[in-house]
Amino acid sequence: MITGEIKNKIDKIWTDMWAGGITNPITVIEQLTYIMFIHSLDEKELENENFEALTGEKITKIFPETEEGQSMRWSKFKNKDARDIFEIVSQKVFPFIKNLNGENASAFSKYMETAMFMIPTPQILQKIITGLEDLYTTDITGLDIQGDLYEYMLDRLSTAGHNGQFRTPKHIREMMVNLMQPTPNDYICDPACGTAGFLVSSAEYIRKHYESVMTSEQWEHFTTTMFSGFDTDYTMLRISAMNTMLHSINNPDIDYNDSVSKQNEIQSKYTLILTNPPFAGTVDSESINDNLKAVTNTKKTELLFLALFLRMLKKGGRCACIVPDGVLFGSSKSHKSIRKELVENNQLMAVISMPSGVFKPYAGVSTAVLVFTKTDAGGTENVWFYDMKADGFSLDDKRTVIAENDIPDMLERFHNMEKEKNRERTEQSFFVPKEEIAQNDYDLSINKYKKVEYVPVEYPPTQQILSELQELEKQIATGLIELEGML
């Protein structure tokens, strides 16, 4: 999330662009994203050069190794005269990034085809570059700047949340990826991908744990067929295409698709779904795919997406998704039917309750992570509940780093379930049998099953309390007499 010093620097860039005549906020977001992408390409090229120098292994460069090709790199043009920078970026670099994949039909080439360079003057471009240089001197370790920027701009417009457009903080995405532990053989999808954060976090996990042992076939799968993402916002799709390309995913299936509509007929395709689908709003009942209605007859997106995940997963496929708390205990027929589907016809493994401040400063909604496996034949015996009280950040709008963090403990316990069997319901995590959940209308809220220990408080005898009050009254009276004598 963008707060404090970083927020002030982003605001400064926004103000410079606004003053320069770029007043449409979506245009601001897109143009900033392009410039940041140009910067990121140069950083990636530096990594390539360092890798080549260390290993002696020749790798394909991003920029042509000619004088003109090298002149398009951020580090080469950033300190030039404003007019020279403008000519290089508008006439050379921007056309270059639009055609990075050449003739190859890819998500990147598809969504960059309609991109336009709309920064009006050399002076405005120079101010943006200077502002970003200043931003990059700040400690932005662990941040997803492009995605955070988009969300922050939406928040300024007061448009965020109308369609559930709240991005998942990076540490929560990484928590969910570590829960599921993707492998080089997985087919991973986010049906509401936004800026492709879950896909990128999954790619980073796979590279970290498997890079040295992956076969050439697995690398081919990694760069092409492993990752899929869908969204209904072309700005998001463009950012997703840039984001995945920067993480060596050259040809993912990033596509425009209203996932819960009739246009989406994908079934039994993916082995892993990681997502934070839209919470807010409803959809037109006529456009909803009939096979989703058969599972939960509703117009609520948070319920339809759960039915969608079950349809899109292969048998044995796994899912970790964020849901608003209302999904866990809602009393409507559609709420109960989707919970029953998860518990009775598939394997619901875990319900991880998260603190309500996770999405601040953009929203204070209470959420949970559901973890389940598609079986179409049941398999739920006990459901593991975890009460996460802290995620390493304060739960106010500032979201500053704090010491309290339940995520490492939660991950350790999730991956060692044998040790959880004898946990009491007064503890932070525990199992609940399927039969008990069924008896409670498939209620999945942790408070339904958690037991609270009431420690009796012992008070002094009434006579002693009265004596203490009388003594206190005497002290007050004496004090008042002394004060009056001083006047």
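**Figure 1. Helix 9 and helix 17 in the predicted model.** The axes of helix 9 (residues 170-180) and helix 17 (residues 407-414) come within 10 Å of each other and cross at roughly 15 degrees. Because angles under 35 degrees count as roughly parallel, helix 9 is described as roughly parallel to helix 17. The crossing by which helix 9 passes helix 17 is right-handed. On the side of helix 9, the contact is formed by His171, Ile172, Met175, Asn178 and Leu179, and on the side of helix 17 by Ile407, Met410, Leu411 and Phe414. Sorted by class, this contact between helix 9 and helix 17 comprises 7 nonpolar and 2 polar residues, with no charged residues. The whole model shown here and in the following views is a predicted one.

**Figure 2. Strand 7 and its burial.** In strand 7 (residues 367-373), 7 of the 7 residues are buried, so the strand is largely enclosed by the rest of the structure. Thr367, Val369, Val371 and Thr373 point one way from strand 7, whereas Ala368, Leu370 and Phe372 point the other way, and the residues of both sets are all buried.

**Figure 3. The pairing partners of strand 7.** Strand 5 (residues 313-324) pairs with strand 7 in the antiparallel sense over 7 bridges, and in this view Cys319 stands opposite Phe372 of strand 7. Strand 6 (residues 347-354) also pairs with strand 7 in the antiparallel sense, over 7 bridges, and here Ala350 has Val371 of strand 7 as its bridge partner.

**Figure 4. Gly131 in helix 7, viewed together with Thr367.** Gly131 is found in helix 7 (residues 122-136), and with a relative accessibility of 14% this glycine counts as buried. Between Gly131 and Thr367 there are 236 residues of separation in sequence and, from C-alpha to C-alpha, 36 Å in space.

**Figure 5. Arg399, a non-glycine residue with positive phi.** Arg399 lies in the loop between strand 9 (391-393) and strand 10 (401-405), and its phi is positive, at about 50 degrees, although Arg399 is not a glycine.

**Figure 6. Tyr442, a non-glycine residue with positive phi.** Tyr442 is placed in the loop between helix 18 (434-439) and helix 19 (462-486), and although Tyr442 is not a glycine, it has a positive phi of about 60 degrees. At 12% relative accessibility, Tyr442 counts as buried.

Conventions:
Residues are numbered from 1 along each chain as its sequence is written. This is a predicted model: local features need pLDDT of at least 70, side-chain atom pairs count only at pLDDT 80 or more; totals for chains, interfaces and linings use all residues. Side-chain values use heavy atoms; hydrogens and water are left out. Axes are lines fitted to C-alpha atoms, for helices over the stretch in contact, and angles run from 0 to 180 degrees between N-to-C directions. Helices (H or I, at least four residues) and strands (E, at least two) are DSSP runs, numbered from the N terminus. Angles under 35 degrees count as roughly parallel, over 145 as roughly antiparallel, 65 to 115 as roughly perpendicular and the rest as oblique. A crossing is left-handed if the near helix is turned anticlockwise from the far one by less than a right angle, and right-handed if clockwise. Contact means heavy atoms within 4.5 Å. Ala, Val, Leu, Ile, Met, Phe, Trp, Tyr, Cys and Pro count as nonpolar, Asp, Glu, Lys and Arg as charged, and the others, Gly among them, as polar. Buried means under 20% relative accessible area, exposed over 50%, partly exposed in between (1.4 Å probe, protein chains only). Two strands pair if DSSP finds at least two bridges between them.
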